[in-house]
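Trainee: I am new to this structure. Please take me through one part of it closely, and then through what surrounds that part.

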Amino acid sequence: MGTGRSSENLTRLMPVLLVLAVINVASVVAFAIWHPTTRFDGRTLFTTAILVTLVIIAEQLAIDLPIPYTRVTVSVSSAVNFAAVLTVGPFWGVVAAVVGAVADDLLERREPIKVLVNANNFALQGIIAGSIYYTLADSGSPLSSLGNFGAMLLAALTSAIGQTLLLGVVLSVAMGTSAWYLWRSMARGLLVEFLALPALGSLFPILAKEHPLALVLMVIPLLGPYLAFRDYRQLHHETQSTFELLADLLDRRDPYTAAHSQRVAQLTALILDEFPELSAEEREAIISAARIHDLGKVATSDTILRKPGRLTEDEFAVIKRHPVDGSEILRHLSPYRHIVEIVRHHHERWDGRGYPDGLAGEAIPFGSRVIAVADTYDAMTTDRPYRRALTHDEALAELRRGAGTQFDPAVVAAFERALARASEAAQDKTVPQPTLS
């Protein structure tokens, strides 16, 4: 998970985390005293040490998922934890999972609150899985009977649900966003992780029975999910970088619009700061759309884009195609499907006289209304072949004049507040701060 504000938010969960920690410790102690699988012989301790090492390796092979404003990772460590419970019993299995998780957190120098979250998460998975499996299964490996195999699947499903529910709640509090959005964002990684639970859970006990060192061979299969996650993350990053670069290259076709998309994205972010009720995913989607809002101009000729005089009716009809062309390009790319409508409608007007679909009022996506204000302001304050740039005050006066007809009045008001706030912040930085003697 991320740092800074997310850590502050997590402190609100401290009472719940401490109660959960007490329950987990009590459960582990109960396993140690009463569960028949708990042994303290050298072979069990050696096997547990190997499992701890595998948990750390799995955590080190974690891959960041493309979720904005935080760091969410996916690995097969949950599968290793699950396999540990089935291999050495619920007591040593939970111990191996928690020790491995804490060791990895210390290596990564994570904050204590996050160490507590991860330890609780790993312990909860092992306790749920161990309780279900050893209640329903007979002696023997998970593959020794159909009943044992069914118990393993049920334990895997239930523990995965319990673990991800806890993770979703914790992350939603830390990020200030919805747990449902996080579940959808993590869906692919969690699916691969869940498929690995019964696979490793069935193999580990058999290998450990032959010899504990045989578990070392499982490092090789751990690389498969790691490479799959890595390729997925890299593809998402490269796709985003490519389209942002394309947007910048389109801006550079005309020296008057260089860096236009970057500035519009920055202005959009300023406006969105005035709407704190927006979720993190909504904010990220709108800023992403602002960054590539003019992508459709790739289909517009330089003759029209760089024409020094007023456009003809036919030429303006070509220009009006760019929101549609841009949205159609993005519609075919899964990382951008959630911003298709924002890009398509960023030239609609509040009074319904915009294009391409003549939407009016709140029928226009909120992100499109925000981008419209940021886009227009940047266009007005930039020199163009047919006119000189307006001053800040002149451009702001034009936005006020268009509020209620061309623009959403609430967005224009938010833009004014945002600019005033940014101006005050800039002045505060230039004024010497008093010191206490």
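Mentor: Start with the length of helix H15 (residues 366-380). At 1.5 Å a residue, its 15 residues should span 21 Å, and the end C-alpha atoms lie 22 Å apart, which agrees. The expected span is 1.5 Å times one less than the number of residues. Helices here are DSSP runs (H or I, at least four residues), numbered from the N terminus.

This is a predicted model, where local features need pLDDT of at least 70, side-chain atom pairs count only at pLDDT 80 or more, and totals for chains, interfaces and linings use all residues. Residues are numbered from 1 along each chain as its sequence is written, and side-chain values use heavy atoms, with hydrogens and water left out.

Now the setting. Of the 15 residues of H15, 14 are buried, so the helix is largely enclosed by the rest of the structure. Buried means under 20% relative accessible area, exposed over 50%, and partly exposed in between (1.4 Å probe, protein chains only).

Look next at Arg 369. Its side chain meets that of Asp 408 in a salt bridge, 2.7 Å from N to O. The pair links distant parts of the chain: Arg 369 is in helix H15, while Asp 408 sits in the loop between helix H16 (392-402) and helix H17 (409-430), 39 residues apart. Both Arg 369 and Asp 408 are buried. A salt bridge needs a side-chain nitrogen of Lys or Arg within 4 Å of a carboxyl oxygen of Asp or Glu. The structure holds 18 of them.

Both partners also line a cavity. The second largest cavity has Arg 369 and Asp 408 in its lining, with others including Ser 368, Ala 372, Trp 350 and Phe 407. About 50 Å³ of space lies in it. The count comes to two cavities of 30 Å³ or more. On a 1 Å grid over the protein atoms alone, a cavity is a set of points where a 1.4 Å probe fits but cannot get out; lining residues have an atom within 4 Å of a point. Grid points join across faces, edges and corners, and the volume is the space filled by probe spheres set on the points.

For contrast, take helix H16. There, Arg 401 and Glu 398 form a salt bridge of 2.4 Å, N to O. They are three residues apart, so about one helical turn separates them. Arg 401 is exposed at 57% relative accessible area. Glu 398 is partly exposed at 35%.

Note on methods: Helices (H or I, at least four residues) and strands (E, at least two) are DSSP runs, numbered from the N terminus. On a 1 Å grid over the protein atoms alone, a cavity is a set of points where a 1.4 Å probe fits but cannot get out, and a pocket is an open set with protein on both sides within 12 Å along at least five of seven lines; lining residues have an atom within 4 Å of a point.
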